[in-house]
Amino acid sequence: MSDRSVSKQSQEKKWYTVIAPEQFDRAELGETTADEPEQLYNRTIETTLGELQDNASENNTKLTFRITDVGSDAVYTEFVEYTLTRDYLRSLVRHGSSKIESFETILTSDDYRIQIQPVAFTTKKADHSQERAIRRTMTDIVRETAQEHTFNEVIDSIVEGRLSSAIYAEAKTIYPLRRVEIQKLTLEARPEEVAEEEDTAVDVDEDDVEVE
């Protein structure tokens with residue numbers, strides 16, 4: 001391919017400003033380019049909470065957004081994942097202490113299916129019964145929070161640290177804790193996708209019923 005052809009192809013690409021959801025104050029997440037607007041749908045953009053808040057201490061938190069709408073010179077996104085960096089999580093591990101994890105897949109009050117992964121770090125080594133009790137406490141609080149709040153409210157409670165603080169306050173009565181974090185939150189399905197799955201499941205069940 002000639003230099004002229006490469007130059008022409010490059011000129012045909014268009015740049016778009018990537019906009020965060022309203023929940024994140026419509027902040028600019030950067031720019032992306034495409035030959036055609038249709039190529040932009042479902043493309044993911046990753047940033048850090050530190051970059052959004054202009055706070056370097058929050059750079060250990062990664063946020064992922066997915067493009068859902070395309071305008072004339074901007075694209076709009078939805079939130080799909082919150083995750084802590086591996087380096088940060090490794091820094092919380094201490095010899096002679098316990099790391100207790102839980103993985104919960106739940107529907108929010110507005111029918112978003114999400115997975116939340118809390119993790120607790122004890123001051124010293126807990127026994128198995130204490131670890132089970134702490135894990136059960138994490139599970140109960142995470143499930144209650146998700147089921148009683150909307151998707152956006154759950155995101156806020158995690159980003160602002162309220163969910164991890166609630167777990168810490170309850171679980172520390174079982175065994176002394178050094179820290180509690182939400183290491184990951186993932187959007188697994190939107191309400192319309194959940195409803196479609198449920199309709200499909202019902203159809204399958206009905207087909208399995210024998211008519212005499």
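Guide: Contact means that heavy atoms lie within 4.5 Å. This is a predicted model, in which local features need pLDDT of at least 70 and side-chain atom pairs count only at pLDDT 80 or more, while totals for chains, interfaces and linings use all residues. Residues are numbered from 1 along each chain as its sequence is written, and side-chain values use heavy atoms, with hydrogens and water left out.

Visitor: Which residues does T85 touch, not counting residues up to four places away in sequence?

Guide: T85 touches N59, N60 and K62. K62 and T85 are 23 residues apart in sequence, yet their C-alpha atoms are 6.9 Å apart in space.

Visitor: Where is T85 found?

Guide: Helices (H or I, at least four residues) and strands (E, at least two) are DSSP runs, numbered from the N terminus. T85 is found in the loop between β5 (74-84) and α3 (86-92).

Visitor: What span should helix α4 have?

Guide: The expected span is 1.5 Å times one less than the number of residues. Helix α4 (residues 128-148) has 21 residues and so should span 30 Å, which agrees with the 30 Å between its end C-alpha atoms.

Visitor: Is T137 buried or exposed?

Guide: Buried means under 20% relative accessible area, exposed over 50%, and partly exposed in between (1.4 Å probe, protein chains only). T137, found in helix α4, counts as buried because its relative accessibility is 13%. Leaving aside neighbours within four places in sequence, T137 is in contact with E170, A171 and I174.

Visitor: Which other residues of α4 are buried?

Guide: Among them are E131, A133, I134, M138, I141 and V142. The buried residues of α4 pack against β6 (99-101), β7 (104-107), β8 (113-122), α5 (151-159), α6 (162-171) and β9 (177-189).

Visitor: What lines the largest pocket?

Guide: On a 1 Å grid over the protein atoms alone, a pocket is an open set of points where a 1.4 Å probe fits, with protein on both sides within 12 Å along at least five of seven lines; lining residues have an atom within 4 Å of a point. The largest pocket is lined by 18 residues, and G161, S164, R179, V180 and E181 lie nearest its centre. At least two lining residues come from each of β5, α5, α6 and β9. β9 gives the most, with 4 residues.

Visitor: Which residues line the second largest pocket?

Guide: Its lining includes Q23, F24, D25, L49, L52, I155 and D156. Both α2 (49-53) and α5 supply at least two residues of that lining.
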